[in-house]
Amino acid sequence: QSIQGTHMRKLLALAAGALALAGLALAAFDRPAWSQAARTIRVVITVPPGGSIDILFRLLADQIGSTRGQTIIVESRPGAGGVIAAEAVARAAPDGNTLLSNNNGVIISSILRKVNYDPQTSFEPICYLVSTPQIVVVNSASPYRTLAELLDAARAKPGELSIASVGPNTTQHIGIERLKRLAKTDLTYVPFQGGAATANALIGAHVTAAVLNWSEVGEHVIAGKARALATMALQRIESLPDLPTVSESGYRGFETDVWFG
């Protein structure tokens, strides 16, 4: 079994447990509303098809549908750091039939740009699902084998090397900009609509490096198509215990994680 598949099953187990608890809480609070099992629930996600969160929510939709008899439709509305999806859900009727796959980016975008929603008043939080570590990776043919080597090369050739992620205005984008500032280096930032597109650009050697969810790039690392340089999580990840953190690589206290709810 691939590590990506194992990681996704762990994500699913955690998320399913969280949703089960949320269901019990809502049932206790408003039993008549929650018992409308015949209604169709629409989940609007902020990423394009193929990414880890897209897969996660489609697995959840299948599992909830088979166990509760609930019809759940997953609708992808990527772009603008989650703003397009968030605004669509904010405009929806407040009947509980439209849900948003919320994440850090929805909050960040509301601070950095003018949006037609308020993250604190436009939505009703239901539950926290999962968090996922971010990995700094390069193509397997890259000459860089450590984070220090990548950053040193970027300093020697300002603006010539590139680093990609889903973005802009996402957690990954802000993590990259913070790392660049701390390292006093200039990597050209290249945004993509989703993790799958970012991974494809990395494997195709269209960018020098990328920051991706482990669940999106882990299979490529194991297959030898990509090389992991560091994790942006504060602790080392279980799947790659020998992979150092950015904090261990000379930037003490550095942490960038993505959460979903």
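Which residue just after α8 takes a positive phi? And please tell me about the helix itself and its surroundings.

Modeller: Happy to! Please keep in mind that this is a predicted model. The residue you ask about is Ala 205, where phi is about 60°.

Now step back into the helix, which spans residues 195–203. Its buried residues are Gly 195, Thr 198, Ala 199, Ala 201 and Leu 202. Around the helix axis they cover an arc of only 160°, so they lie on the same side of α8.

What do these buried residues pack against? Their partners are the strands β4 (130–139), β5 (162–166), β6 (188–192), β7 (209–213) and β8 (226–231), together with the helix α9 (214–222).

Let's follow one of those partners, β4. This strand is mostly covered, with 9 of its 10 residues buried. β4 runs antiparallel to β7, and 5 bridges join the two; in one of these pairings, Val 137 has Ala 210 of β7 as its bridge partner. With β8, β4 also pairs in the antiparallel sense, over 5 bridges, and here Asn 139 stands opposite Ala 226. Strand β9 (residues 257–260) is antiparallel to β4 too, joined to it by 4 bridges. There, Pro 133 has Asp 257 as its bridge partner.

Key: Residues numbered from 1 in each chain as written. Predicted model: local features only at pLDDT ≥ 70, side-chain atom pairs only at ≥ 80, totals over all residues. Heavy atoms only, no water. Buried < 20%, exposed > 50% of the residue type's maximum accessible area, 1.4 Å probe, protein only. Arc of directions from axis to C-beta. Contact = heavy atoms within 4.5 Å. Pairing = 2+ DSSP bridges.
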